[in-house]
Amino acid sequence: MTRTSQLGSSPERSDAPAKTSGALRYTDDRVRPGTLHAAVLYSPHAHADIGRIDCAAALAFPGVRGAFTGADWPDVLIGLYMGDKPPLARGRVRYYGEPVAVVVADDEAAALEALRLIRADFTPLPALGSPREALAPGAPILHPDLGSYRRIAAILPEPGSNVANRSRIRKGDADAALASSPVVVEGEFSFPPGDHAAMEPRVAIAEFGLDGRLTVGSSTQSPFGVRTLLSKALGLPERDIEVIAAPVGGGFGGKAGIQLEPLACLLAMRFPGRPVRLANTREADMVSSPGRPGLQSRVRVGATREGMIQAMDMELLFDSGAYADYAVNVSRAAAVACTGPYNVPNVKADTLCVYTNHPFATAFRGFGHIELSYATERALDLLAARLGMDPLELRLKNAARPGHTTPTGATLDPNTGDLPACIARVRERLDWDAGRRAVLPDGRIRAKGIACFWKAPAIPTFTDAAATLSFAEDGSAVLATGVVELGQGSFDGLRLIVAEALGMDLAMVRVLRDADTDRSPHDWTTAASRSLFMAGRAALEAVADAVAQIKRVASAPLRCPEEDLEVSGGRVFLRDDPEQGLPLSTVVLGYVYPNGNAIGGPVIGRGRYIARGLSGMDPDTGEGRPGLEWTMGAEGVEVELDPRDGGFRVTKAACAMDVGRLIHPALARGQVVGAMGMGIGYATREAFVFDSRQGVQNGSLRDYKLLRYGEEPEYFADFVETPQGDGPYGARGLGEQGIIGMPGAIAQAASLAAGVELNELPLTPEHLWRAMREARS
Amino acid sequence: MMPNELRYLRPDSAEEAVAVWSAHTGARYLAGGTEIHTMARRSASYPVSALIDIKRIAEASALSIAKGRLTLGAALPLSAIADDGAFPLLTATIRGIADRTTRNRLSIGGNIAGMLPYREAILPLLLADALCLSIAPGSGSEPPLRREWRLRERFDKRLLLDPGELILSFSLPLAFAALPWSHRRRTRTGPVDYPLATLCLVRESGGFLLGVSGAHPYPVFASGADGAAALKALGAPKGDQRATAEYRAALMETMLSSALEELS
């Protein structure tokens, strides 16, 4: 019996009706009667000593159950890799929007009313507005206790400074190679921090049961991670904590760490038996909860006159804001991939995560790779200009291929994607060879830019996934994983993989939603574009396990060896005589003979996966193999610039990515196009604007503008398929990658159009206008 | 957020509306409600105890043409006025404000009398020397006072309304709507944003009428024999987090020259 493969088809998302009609219930749609509501007082200063906080009047307000400050939990420190953050500021606030006090009341309105009655005194302190300021001699030290914070070994803080992590890459001899390179260019490139702006603001609803167990519903990408971190921060064992992740309304990394849960849990523990809801407004979500890091960087590149890169020497300074959160690992991930997807024999890189008085930073789509890509791609643009070489040719010439080594010295294996093929597709899509710059009849300038990217998941060496496969009476299969749905569509990809492996109609396969640490199989985190890969591998093993069980049961009534059986099309049958078989519905819950005797019992397939062959990095040289699988690609844009006033838009955006194997083309395109759109926003507008004391001036969607549908360019998403040998059906991760090259490609095109190198983002019309005017004078 | 206790009142006449306003301390007139909602969300101290919905008042929701004049009810949604299209410059100006979904809620009276400094919809009305019909509570036992006045006379950076005064409608000569006009609007980045500058230009027999919003902290207008003179009369723009004064000045020059080109 042969079946045509369903891989590569694009069935409708199984959650489309609920999502498009608004019927889907997210975490904050699951508030039970009797829930208490928390409201938070946020710091109006970026850096200040806290004086007296008087909550007496708030406590007296009708409906208020409690008011709390940092002093209520004097020893609790929260963190991901490093515990550096109190649940409420203690003694000092370190960023504008930091939670200072919280009121718990019977309803939200009472909590908000009472919040106004809290009197808090602050004495403002000088605020650090950039990594370079924070690294300057004499800068205030934001975390004097840095040396005593609990942390994991891979993070390397420098106590006595504002450096939360320093990762080093020393490959070959960059100094010597630069000294002997005939062509050397150097540039500095930067951008401010910003926000994820996911559609769903963060929320946590915690209940401390009378049985002493803590249950937390959270808009999280990482229910198991939150359980572990809560256990560490609160001193409760994991067995007493349950974390439930409903579908999430967009994460982009911003919900991958620990966020509102610890404070919600601490409050819940004060009110046993009553749920406590802590929900962000949009404004709090933007400023008080973490956003993405900013960057200051310096890159030197040495090359031959023919354009072969000899060496890179770089310094990437990540603006982590007040707390380290995920940003310490973001800076580490940037070190792993620091050169971009190019063969660079000699590399010297220091990537630093630096404390400032900005809102703190966490993971963001791309995880350090947008930052490193923007810096290295801009440096390659300087090199191309110096050499008088087409920037596409320069990239093609230096493209990383199997056999080359990464900055950490890991060899790119034969599973490595085909970057030259990706470059070729973008070249075609943008009609690159027809010319990169043209002046239109109305005076506007059209220009093109290209950038390449690579990314491997920045994950612990023991990152895991698991899956179980069970069956219903009708023979249909249900896959359970610990993956969280956050819009990415992994469930539909997993469904296709299971249906393919079982040879079953898609309608007969379901994937369970709602990850729950009490019920779901363990899964590291839904992040790093690894869910389809890892949970896909676990699902395949679960299918194989279930199929073996099905064959064992069926072999008795079919009176044949198990190895003669095959499962496909909803049946188990003899391979060489397919008419002899049984429908799965008669086997998966046990087979019943005509006389009533039964054998077997419910089939439950088990599958698991753990990252293969990963190792840590040497603290002095970075040597190691921290990257699982490398997804590579190229991106290009066409832009139009009005030189009179800087008016600027992206008119075309093309991405070609080697995804190994395309499982669900429509979802893949959705991820890539969405990522490109996000990259356009990143490059052209999305960033915080700070006042002179580092207060956020645009902390609402009124002032912080995202790309709108009407501004989207024409998109091209192309896929190259060089199979990933160990990926499910050859697939590799693709969720984040489409954003990585966009800022570099857009900056290159804008620079070409404007006739001046643009080394800062965002590229607003005024920024362009000013740069052109300065270049003229 | 909105207070837990809030009265909602929906009078059928303008006289009733102002009487209800007098009877409720902290009452606000409600048409689209976008600003009330935003302010209440943003600040717990935004005072509102009662909302007086004026959309049932016929004369505040009418759009009519009679005796050579166009009359626009103050409670009309911006999108209804833009879709009608009787005053093309107003249509163009309105279509620059917010997005379609929001314009379905925003009223023209709210846009003009609201707290935000932009009030773009007022520009075409100021240029047209529109009349405004309003009603205010009478003092003491006196009946409510209706009056019609020139918009320009009570506009100084913003509309100068008396406590409890409710705008019912605006009217302007249709002949003005037929004059040659041009509209330009620029923002910091994408189109759905407050203007760095919105420019309305009308050519009449004696020269040009020019109105600008966004560049100064309030809408401004001037007339001049030529465009440059009118621009000069508006004074220097201001800077804020969206753009510097310098950039706004440069934008206004390019916008004006392209608008003048369109009218030449």
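This is a predicted model: local features need pLDDT of at least 70, side-chain atom pairs count only at pLDDT 80 or more; totals for chains, interfaces and linings use all residues.
Along its principal axes, the C-alpha trace of chain A spans about 95 × 75 × 50 Å. Of the 777 residues in this chain, 59% count as buried. Among contacts in chain A with a separation of 6 or more, 79% are between residues 24 or more positions apart.

In soluble globular proteins, nonpolar side chains tend to be buried together. In the present model, the largest nonpolar core comprises 327 residues, and Val103(A), Ala264(A), Ile746(A) and Ala750(A) have the most contacts inside it. The element that gives the most to this core is helix α14 (residues 531-555) of chain A, with 14 residues. The surroundings of Ile746(A) illustrate contacts between residues separated in sequence: leaving aside residues up to four places away, Ile746(A) touches Gly449(A), Val637(A), Val639(A), Val650(A), Ile680(A), Ala683(A), Thr684(A) and Leu763(A).

Helix α14(A) also lies across strands of a sheet, namely β20, β21 and β29 of chain A, and runs at about 145° to β29(A). The sheet is open, with four strands in the order β22-β21-β20-β29 (chain A) and mixed pairing. Strands β22 (509-511) and β29 (605-610) of chain A stand at the edges; each has a single partner strand, so one side of each is left without a neighbour in the sheet. On average, neighbouring strands of this sheet are turned by 20° against each other, direction ignored. Strand β20 (residues 464-471) of chain A runs antiparallel to β29(A), and six bridges join the two. Within this pair, Ala466(A) has Arg608(A) of β29(A) as its bridge partner. A further helix, α13 (residues 490-502) of chain A, lies across β21 (477-481) and β22 of chain A, at about 145° to β22(A).

In chain B, strands β13 (residues 207-213) and β14 (residues 220-224) run antiparallel and are joined by five bridges. Leu209(B) has Ser223(B) in β14(B) as its bridge partner. The hairpin of β13(B) and β14(B) has six residues between the strands, and Gly214(B) takes a positive phi near 95°.

Between the chains, 18 residues of chain B are in contact with 20 residues of chain A. The side of chain B that touches chain A consists of nine nonpolar, seven polar and two charged residues.

Conventions:
Residues are numbered from 1 along each chain as its sequence is written. Chains are lettered from A and ligands numbered from 1 in the order in which they are written. A nonpolar core is a set of buried Ala, Val, Leu, Ile, Met, Phe, Trp, Tyr and Cys residues joined through C-beta atoms within 7 Å. A residue is buried if 20 or more other C-beta atoms lie within 10 Å of its own, exposed if 12 or fewer, and partly exposed in between; C-beta atoms are placed from the backbone. Two residues are in contact if their C-beta atoms, placed from the backbone, lie within 7 Å. Two strands pair if DSSP finds at least two bridges between them. Axes are lines fitted to C-alpha atoms, for helices over the stretch in contact, and angles run from 0 to 180 degrees between N-to-C directions. Ala, Val, Leu, Ile, Met, Phe, Trp, Tyr, Cys and Pro count as nonpolar, Asp, Glu, Lys and Arg as charged, and the others, Gly among them, as polar.
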